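Please keep the sequence and the structure in view while reading the points below.

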Amino acid sequence: MNLQLARVFYPLFLAALSLLPSWAGCAWAQNPQGETGAAPQSPSAQPATIQDQISAVPNRPTFSTTAESVQPGVFEIEYGFELADGHQNINGLLKFGATDNLELRFANNPIERDSATAGFGDSGAGFKYKIFRQKTWRPTFSVLYNATLPTATAGLGVGAIGHSAGILASKDFGQHHFDFNETVQWVGRQGANGFDRNYFTALAYGRALRGKWGMTGEIAGFSWTNAAIPATMTLMGAAIYSVSPRLILDAGIYVAAYGQLPRVTFFGGITYSVADLYHRRGKATGSPN
């Protein structure tokens with residue numbers, strides 16, 4: 001591991017962690033009943049009294065995306081880091097619940113380093129739209145669209161505009177939660193017309209453990225894109241800790257089963273529901289589909 005880079009990344013992440021006590025205090029003040037464990041049920045599976053609170057809906061730390069949406073009016077952030085041999089970054093995702101079913105999303109990596117190249121990473125903008133909520137045997141089902149914006153420093157990122165669209169399914173079975181994604185990605189060709197195409201498939205599992213602790217695991221992979229980007233598959237495991245319903249921490253590792261990826265990558269991050277910009281908590285926000 002590059003020691004010079006570690007001296008840069010660790011202070012930045014520790015600075016973010018130093019803010020957690022104040023965030024947690026705010027979260028506990030606004031969620032006095034926040035005694036739920038980690039890996040909570042999806043909002044659609046929770047009683048109405050729970051939905052009146054602000055509760056985080058993490059996409060972290062899995063590669064897959066949950067079919068559940070951020071609560072309407074809630075602005076939520078996710079930030080974390082990855083550390084591996086020849087690869088380090090700080091990654092972020094901003095989410096806003098525009099309606100009961102529509103979530104707006106913006107992602108970017110403010111710091112990225114691969115091999116000897118360091119700088120800014122690519123960005124992405126898109127949305128998630130919930131088709132229907134889970135009910136009895138039926139999972140929550142959503143569609144996802146994202147546009148890749150080539151904002152990365154030269155030598156990092158794709159270097160061209162790209163698109164992806166996919167279907168998302170999520171289902172709770174008591175304390176057990178499953179997410180399944182199937183996505184097609186059109187990868188822009190740098191300096192040329194047209195796109196290369198690949199497919200992304202992921203299955204994630206999570207559950208609450210004792211107290212505020214939880215866990216999640218995932219198998220995920222991309223199909224072959226082109227001669228320079230072969231297929232990849234990763235296996236991930238992580239611990240989850242719920243400081244409060246709106247502040248969730250994660251840490252773990254993912255291992256490359258195959259593909260041009262570091263063999264082992266360590267990661268950690270936070271999900272925090274910042275505020276209800278519609279100021280509608282405690283009011284009816286619509287009936288289930």
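**Notes on the model**

1. In the hairpin that β8 and β9 form, six residues lie between the strands, and among the residues of this hairpin glycine 191 adopts a positive phi near 75°. Strands here are DSSP runs of E with at least two residues, while helices are runs of H or I with at least four, both numbered from the N terminus. The model is a predicted one, in which local features need pLDDT of at least 70 and side-chain atom pairs count only at pLDDT 80 or more, whereas totals for chains, interfaces and linings use all residues. Residues are numbered from 1 along each chain as its sequence is written, and side-chain values use heavy atoms, with hydrogens and water left out.

2. As an overview, the chain has three helices and 13 strands, and 46% of its 289 residues are buried, a word that stands for under 20% relative accessible area, with exposed meaning over 50% and partly exposed in between (1.4 Å probe, protein chains only). Of the contacts (heavy atoms within 4.5 Å) with a separation of 6 or more, 54% join residues 24 or more positions apart.

3. Returning to the strands, β8 (residues 176-188) pairs with β7 (residues 162-173) in the antiparallel sense through eleven bridges, where pairing requires that DSSP finds at least two bridges between the strands. Alanine 165 faces valine 184 of β8, and the hairpin of β7 and β8 has two residues between its strands, with glycine 174 in the turn at a positive phi of about 65°. On β9 (residues 195-208), which runs antiparallel to β8, the count is 13 bridges, and there aspartate 196 is the bridge partner of valine 187.

4. How many aromatic pairs are there? The count is nine, where rings of Phe, Tyr and Trp (its six-membered ring) pair if their centres lie within 6.5 Å, with planes under 30 degrees apart called stacked, over 60 edge-to-face and the rest tilted. Phenylalanine 96 and tyrosine 278 are edge-to-face, because their ring centres are 5.7 Å apart and their planes stand at 85°. This pair connects distant parts of the chain, phenylalanine 96 being in strand β2 (residues 87-97) and tyrosine 278 in the segment after β13 (264-276), 182 residues apart. Tyrosine 278 is partly exposed at 34% relative accessible area.

5. Phenylalanine 178 and tyrosine 205 make a tilted pair, at 5.1 Å between centres and 50° between planes. Since phenylalanine 178 belongs to β8 and tyrosine 205 to β9, the pair ties together parts 27 residues apart in sequence. Phenylalanine 178 is partly exposed at 32%, and tyrosine 205 is partly exposed at 24%. Elsewhere, ring pairs join Phe63, Tyr254 and Phe267 into a cluster.

6. Is glutamate 103 buried or exposed? Glutamate 103, in strand β3, is buried, with 0% relative accessibility. Setting aside residues up to four places away in sequence, glutamate 103 touches several residues, including Glu68, Val70, Phe96 and Lys128. A polar atom of the glutamate 103 side chain lies 2.8 Å from the backbone nitrogen of valine 70, and the C-alpha atoms of glutamate 103 and glutamate 68, 35 residues apart along the chain, are 9.4 Å apart.

7. Asparagine 108 also deserves a look: this residue lies in strand β3 (residues 102-114) and is buried at 12% relative accessible area. Leaving aside neighbours within four places in sequence, asparagine 108 has contacts that include Tyr79, Asn91, Phe120 and Asp122.

Terms used
A polar contact is a pair of N or O atoms within 3.5 Å; within protein, one must be able to donate a hydrogen and the other to accept it, and residues adjacent in sequence count only if both atoms are side-chain atoms.
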